[in-house]
Amino acid sequence: RREFGVVSVRFDAGIPTRWRPYYRRMLADGLRDLRRILPALTLDGARIRFRSGTLAGATLAMHDPGSRTIHLPIATSAGALAHEVAHDLDWQMGRRRYGRRGSYGTDVVVREQRGRLAASLRGLTSAHLIPPAGANAARPPDDVRPAEVFARTLDWFVSIALAREGRVNGYL
C-alpha cells in the first residue's frame with residue numbers, strides 16, 4: 001500500500017491466508033513492471049480486492065469506477081493487471097481533467113467530442129467508437145467503447161515495451 005499509494009488490498013474470506021502473500025507479491029511485481037514503462041504511474045486512493053470467485057460473463061478482472069476498486073479474481077487476475085490499471089488511469093483523467101467522478105475520461109471525450117484526445121482515441125481503432133449513455137442505458141460492446149479501446153491499447157503498449165527489454169511478465 002505504501003509503495004503504490006493504494007488505500008487497501010483486501011481478500012475475500014474464501015481465499016486461504018497462506019495464499020495471500022503470493023498474490024501480494026504478484027501485484028507488487030506487476031505494478032513495479034508497469035512503473036518501468038509508466039514512471040509517473042500513481043494509484044493513490046485506489047483499492048485492490050482479490051476475489052475468490054469469478055466475475056460475471058467472460059470478465060477476467062474489473063475496475064469499478066464508482067468505488068475505484070480493481071477486482072482481481074485469483075483464478076484470472078494474472079494477465080489482467082495492466083488493463084485494469086489503465087482503467088484507473090482513465091478514471092483519474094476523467095476526474096482531474098474533466099471534473100467527472102465515477103466516469104472514465106475517454107468515454108467523456110468521445111461522448112462530448114472534446115479536443116485532440118477524442119481524435120487520438122478514434123485513431124486507435126477502425127471501429128466507430130460509442131461511449132456509454134446514461135446510467136440506465138445499454139452499454140456498447142467492448143470493441144467500440146472508448147474506455148476499453150484505451151485499456152487494451154495501453155495493455156498492449158506495456159507488453160511490447162517490456163518485451164523489447166527481453167521481459168515477459170504473465171502478471172500484466
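# Questions on a predicted model

Me: In this predicted model, how many of the eight residues of helix 3 (residues 105-112) are buried?
Reply: Helix 3 is largely enclosed by the rest of the structure, because most of its positions fall under the 20% relative accessible area that marks a buried residue. The buried positions are Gly105, Thr106, Asp107, Val108, Val109 and Val110. Of the eight residues in helix 3, the number buried is therefore six.

Me: What pattern does the protein chain follow when read along the sequence?
Reply: The secondary structure of the protein chain comes to five helices and four strands. Of its 172 residues, 46% count as buried. Read along the sequence, the elements of the protein chain follow the pattern β-α-β-β-β-α-α-α-α.

Me: How many of the residues of helix 2 (residues 81-96) are buried?
Reply: Helix 2 has 16 residues and reaches 22 Å from its first C-alpha to its last, which is close to the 22 Å expected at 1.5 Å a residue. Helix 2 is also largely enclosed by the rest of the structure, because the buried residues among its 16 number 13.

Me: Which residues make up the covered face of strand 2 (residues 47-51)?
Reply: The residues of strand 2 divide between two faces, and the uncovered one holds Arg47, Arg49 and Arg51. The covered face of strand 2 is made of Ile48 and Phe50.

Me: Which residue in strand 2 is the bridge partner of Phe11?
Reply: Strand 1 (residues 8-11) and strand 2 pair in the parallel sense, over four bridges. Between these two strands comes helix 1 (residues 20-37), and the three elements together make a left-handed β-α-β unit. On the strand 2 side, the bridge partner of Phe11 is Phe50.

Me: Which residue of strand 4 stands opposite Arg51?
Reply: Strand 2 also runs parallel to strand 4 (residues 69-73), and five bridges join the two. Arg51 belongs to the uncovered face of strand 2. In strand 4, the residue that stands opposite Arg51 is Pro73.

Me: How many residues apart are Asp33 and Arg167?
Reply: The side chains of Asp33 and Arg167 meet in a salt bridge at 2.5 Å, N to O. This pair links distant parts of the chain, since Asp33 lies in helix 1 and Arg167 in the segment after helix 5, and the separation is 134 residues.

Me: What is the relative accessible area of Arg36, whose side chain meets that of Glu165?
Reply: The side chains of Glu165 and Arg36 meet in a salt bridge at 2.3 Å, N to O. Glu165 lies in the segment after helix 5 and Arg36 in helix 1, so the pair ties together parts that are 129 residues apart in sequence. Glu165 is partly exposed, with a relative accessible area of 40%, and Arg36 is likewise partly exposed, with a value of 44%.

Me: Which residues are linked with Glu3 in a network of salt bridges?
Reply: The structure holds seven salt bridges. A network of salt bridges links Glu3 with Asp29 and Arg32.

Me: What is the relative accessible area of Trp156?
Reply: Trp156 is found in helix 5 (residues 146-164). Together with Phe157 and Ile160, Trp156 forms a nonpolar patch on the surface, with about 320 Å² of accessible area together. Trp156 counts as exposed because its relative accessible area is over 50%, at 55%.

Me: What value is phi of Arg68 near?
Reply: Arg68 is found in the loop between strand 3 (62-64) and strand 4, and Arg68 is buried, with a relative accessible area of 9%. Its phi is positive in a residue other than glycine, and the value is near 55°.

Terms used:
Residues are numbered from 1 along each chain as its sequence is written. This is a predicted model: local features need pLDDT of at least 70, side-chain atom pairs count only at pLDDT 80 or more; totals for chains, interfaces and linings use all residues. Side-chain values use heavy atoms; hydrogens and water are left out. The expected span of a helix is 1.5 Å times one less than its number of residues. Buried means under 20% relative accessible area, exposed over 50%, partly exposed in between (1.4 Å probe, protein chains only). Patches are made of residues with over 30% relative accessible area and no salt bridge: like charges are joined within 9 Å, nonpolar side chains (Val, Leu, Ile, Met, Phe, Trp, Tyr) within 5 Å. Accessible areas come from the Shrake-Rupley method with a 1.4 Å probe; for residues, only the protein chains shown count as cover. A salt bridge is a side-chain nitrogen of Lys or Arg within 4 Å of a carboxyl oxygen of Asp or Glu. Two strands pair if DSSP finds at least two bridges between them. A crossover is right-handed if, with the strands pointing away from the viewer, the path from the first strand over the helix to the second runs clockwise.
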